[in-house]
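Welcome! Here is a friendly walk through one structure, taken a few pieces at a time. Please have a look at it before reading on.

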Amino acid sequence: HICVSARARAVLDVALTSQRRALLAYEDDMDRRGTHALVSARAILTLIADGDDTPIFDHIDAFADAPTLLGSFLRALSSAAEEATERAATARRVWPEIVTHVLELNASGHTPFNDRYVGEMTLAALLPNTAGEVSYLYRELDGDSIVWWEPLEWREVVERWLPIAAGNPTCVDHLISFLSALPLDDQVRHGLPWVAALVLADPDRVAGRSFLLSTWLIETRSAATDAGLLPDWQRVVDALVVAGDSRLAPYSE
């Protein structure tokens, strides 16, 4: 809110529009490390802190039929929110609307999840996860990453996402990482039904392709027993063992 703010905003809008057009103009992904996506994500989260969320949805709409670019932008938004408390607060406020908007784009005939591998990654990115240590060349972390998402506050959003993500091993892993923001007891009490919905839809596809699921199930067995959810836990384990997950075989009945 200074004398050049209006002009700066106009120039930023032009820069973001130009970036979108440039990225879309290439047949291949010219931003594989997500460097451009992260810079724009930081700018947009800073810009919409006052409550005008139009820039973020303009960016998403431009990539509605480009799963690679949309997934990159979603991951960049989550990563930019990890870096600063102000951006974290903005992302926490707007993220449920982002999920709803992307799912509505998909339902209306756009193809945000069209590509088999990339589409799975983009669908999974609707649940925020911590960025890996080597995800980006230029991070702006002052300390530990901020875990800014709120699984228990976003129940409706997650349950809207589950039917589309069912049977997707990448989504299973993102869900488990998403739940890691909670104490283990809450992960089981609230998250086990979500994990079961994804896994039991297609155990053959999930078994052996999820990196986190077997470990999470083993670690949560005691909590599931204490919560009275052992039969639900056992149903997931048995389905995965039948589908070929040998690591869970000692826990199968």
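Asp232 is partly exposed, with a relative accessible area of 29%. Here buried means under 20% relative accessible area, exposed means over 50%, and partly exposed is in between (1.4 Å probe, protein chains only). Before going further, note that this is a predicted model, in which local features need pLDDT of at least 70 and side-chain atom pairs count only at pLDDT 80 or more, while totals for chains, interfaces and linings use all residues. Residues are numbered from 1 along each chain as its sequence is written, and side-chain values use heavy atoms, with hydrogens and water left out.

Asp232 forms a salt bridge with Arg235, and the closest N and O atoms are 3.0 Å apart. A salt bridge is a side-chain nitrogen of Lys or Arg within 4 Å of a carboxyl oxygen of Asp or Glu. Asp232 and Arg235 are three residues apart in helix α12, and so they are separated by about one helical turn. Arg235 counts as partly exposed, at 46% relative accessibility.

## A salt-bridge network

Salt bridges that share partners join Arg42, Glu82, Glu83, Arg87, Arg139 and Glu140 into one network. In total, the structure holds 14 salt bridges.

Which partners does Glu140 have in salt bridges? One is Arg42, where the side chains meet at 3.4 Å, N to O. Another is Arg87, at 3.9 Å, N to O. Because Arg87 lies in helix α5 (residues 85-107) and Glu140 in the loop between α6 and α7, the pair ties together parts that are 53 residues apart in sequence. Glu140 is partly exposed, with a relative accessible area of 42%. Arg42 is buried, with a relative accessible area of 11%, and Arg87 counts as buried at 11% relative accessibility.

## Helix α12 and its surroundings

The helices named in this report are DSSP runs (H or I, at least four residues), and they are numbered from the N terminus. α12 has 13 residues and reaches 18 Å from its first C-alpha to its last, close to the 18 Å expected at 1.5 Å a residue. That expected span is 1.5 Å times one less than the number of residues.

Which residues of α12 are buried? They are Trp233, Gln234, Val236, Val237, Ala239 and Leu240. The cover over them includes α9, α10 and α11. Just after α12, Gly244 takes a positive phi of about 115°.

## A bent helix

Where does helix α9 (residues 184-200) bend? The bend, of about 55°, is at Gly191, and a proline, Pro193, follows within four residues. The bend at a residue is the angle between axes fitted to the seven residues ending there and the seven starting there.

The buried residues of α9 include Gln187, Val188, Gly191, Leu192 and Trp194. Among the elements that cover the buried residues of α9 are α7 (155-165), α8 (169-179) and α12 (230-242).

## Ile176 and Leu212

Ile176 is found in helix α8 and is buried, with a relative accessible area of 6%. Not counting residues up to four places away in sequence, Ile176 touches Val195, Leu212, Leu213 and Trp216, where contact means heavy atoms within 4.5 Å.

Leu212 has its place in the loop between α10 (203-206) and α11 (213-226). Is Leu212 buried or partly exposed? Leu212 is partly exposed, with a relative accessible area of 33%. Leu212 and Ile176 are 36 residues apart in sequence, with their C-alpha atoms 7.1 Å apart in space. Leaving aside neighbours within four places in sequence, Leu212 is in contact with Asp173, Ile176 and Ser177.

## Ser79 in helix α4

Ser79 has its place in helix α4 (residues 67-83). Ser79 counts as buried, at 3% relative accessibility. Leaving aside neighbours within four places in sequence, the contacts of Ser79 are with Leu38, Ala131, Tyr136 and Arg139.

Definitions and conventions: Helix = DSSP H or I, 4+ residues; strand = E, 2+ residues; numbered from the N terminus.
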